[in-house]
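Biologist: Please take me through this model, and for each label you use, set the value against the definition behind it.

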There are 2 protein chains.
Amino acid sequence: MVNAQKHSETAQKILEAAHKVFVKKGMYGARMQEIADEAGINKALLHYYFRSKALLFDAIFQKIFSQFLPGILQILEGEQNFEEKIKVFVGHYLDQFVNNKYLPVFIVNEIHQNPQRLYEMGQALRGLPSSRFITQLKEGIEAGKYLPVTPEHFMMNMISLTIFPVLASPVLTEIFSMDSQTTRQFFEDRKKIVPEMILNSISTKKIKGHEAD
Amino acid sequence: MVNAQKHSETAQKILEAAHKVFVKKGMYGARMQEIADEAGINKALLHYYFRSKALLFDAIFQKIFSQFLPGILQILEGEQNFEEKIKVFVGHYLDQFVNNKYLPVFIVNEIHQNPQRLYEMGQALRGLPSSRFITQLKEGIEAGKYLPVTPEHFMMNMISLTIFPVLASPVLTEIFSMDSQTTRQFFEDRKKIVPEMILNSISTKKIKGHEAD
DNA sequence: ATTTAATTTAACCATTTAGTTAATTATAAA
DNA sequence: TTTATAATTAACTAAATGGTTAAATTAAAT
C-alpha cells in the first residue's frame, strides 16, 4: 500500500457516512449513492474499499457491537459496589442513546431481522450471567438486603427502563406536547428516577419517595 | 361492484399476507412478489386492489394503529380502579405482543422512520394525559396514597417494562440460554412482576416482596 | 345461451439501484 | 523527470423490483 494514510482516510470517511446512513435508514432503506454523497466521494469508492453493500453494512454492524457489548461488561465487571453500578449503567446508556437516538432502533431492528448474528457474538453475551454485577446481586439477596428476584427479570427491568424511553420518545413528546427542553430534562431526570425505582423494587425495606415535585 | 364477496375475499387475502410480510420485514425489506406468493395470487392483483406498494403499506399501517390506540384508551378510560387497570394493561399488552413478536419492532420502527405520521393521528394520542387513568393517579397522589410522580415518567415506566422485554427477548434468551418454555414462563411471570413493581414504585408504603422463588 | 363486466394471469416495461469498467488523476518510487 | 502504482471518477451494465398491459378466465346480467 503506497499511501496508507490516504487509504485509511477515505475508508474512514466512508465508514462515518455509512454509519450515519445505515443507522438512520437500516440495511434496506439505505442507498449506496446516499452514503457516497454523505461522504462526498464517488460511489465506486464504496466498492473499491468495501466490495459490496452487505460487507459495508457488516463493517458498520461489527463496529457498533464491538463498542457496545464490551462497554456493558466493563461497567458490570468493575470494582464499584452494586448500587453504584446501577447508577453508572443507567446514566451511561441514557447519555449514549439520547445522543444517538437512532442507535437503539437500529440495534433492536437488526437483531430482529437477523437473530442468527447473536450466535456469532454469543460468547461476549453469555458472560453476563456470571458477571460480578450479578454475583453482587446474589450476595445482596443472600444477606437479606435484597428481595429474591431473578437476574433475568432484574436485568430486563433495568435495561427496559433505560432504553425503551429513548425508542418511545417521539410518541412521548407528541402525547404530552413536550418541547425539546422539556424532553431533555425528562431524560436527565431518569438518571435519578430509574436507579431509585430499580433499587426500590429489590430492597427489603422502603426507600424514600423519588420525585419531589 | 358485481361480486362484492369475491372482491373482498381477495382483498382480505392480500391484506393478511401484506400484514405478515410488512410487519416482519418492514416497508423497505418487504417485496411485492413475496406478498403475492404469501397470498397465493398474482402480483398484478396487488396493484389491481391497492394501486401501489406505498398505499398497500398505508392500509396495513392504518389497520394496525386503528386497533392499537383505541385498545389502549379503552383500558385507561374504563371503570376499573387504578391498580386493576395497571394489571389489565400489562397483561393485555404482554399477551398481545408475545403472540405478535414482530409487532412492537414494526411499530417502533415505522414511527422512527416516519415520525410525521404521529401528527396525523395526533388527537387519538393526546387524549391520554387527560384520561381517567391519569386522573386516578393524581387522585391517589392527592390522597397521600401514592408518591408525587409525574404522569410522564409513570406511563413511560409502565410501558417500558411491558413492551421492551418483548423487543429484547432474542437477546435475553441468548444471554441466559433460555429454552422456549422458560421464555414463555418468563413473560407469564411478568404479568405479576411488572404491576407489583409499578405499584411499589409509587406507593407511600412498602408492598410485599414479589418473587417467592 | 349470449353478452357484458369484473377478475385473474403471464408476459412485459420502466425505474431504481448495486455493482463494474475503462479512462483519468494524484502519489510515490526509481 | 520518468515510471509505476494507487486512488478516483464518469459512464456504463446487470439485476432486482415496482408497476403495466393485453389476453384469458370467471361470473353476473340480459
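Modeller: Domain bounds here come from an automatic or database domain assignment, and for chain A that assignment gives domain 1 (1-51) and domain 2 (62-202), whose centres, taken over C-alpha atoms, are 31 Å apart. This is a predicted model, in which local features need pLDDT of at least 70 and side-chain atom pairs count only at pLDDT 80 or more, while totals for chains, interfaces and linings use all residues. Residues are numbered from 1 along each chain as its sequence is written, chains are lettered from A in the order in which they are written, and side-chain values use heavy atoms, with hydrogens and water left out.

Biologist: What makes Asp95(A) and Lys191(A) a salt bridge?

Modeller: A salt bridge requires a side-chain nitrogen of Lys or Arg within 4 Å of a carboxyl oxygen of Asp or Glu, and the closest N and O atoms of Asp95(A) and Lys191(A) are 2.8 Å apart, so the pair meets the definition. Asp95(A) lies in helix α5 (residues 82-98) and Lys191(A) in helix α11 (residues 180-202) of chain A, so the pair ties together parts that are 96 residues apart in sequence.

Biologist: Why is Arg117(B) called buried, and why is Asp58(B) called partly exposed?

Modeller: Buried means under 20% relative accessible area, exposed over 50%, and partly exposed in between (1.4 Å probe, protein chains only). Arg117(B), at 12%, is therefore buried, whereas Asp58(B), at 28%, counts as partly exposed.

Technical notes. Helix = DSSP H or I, 4+ residues; strand = E, 2+ residues; numbered from the N terminus.
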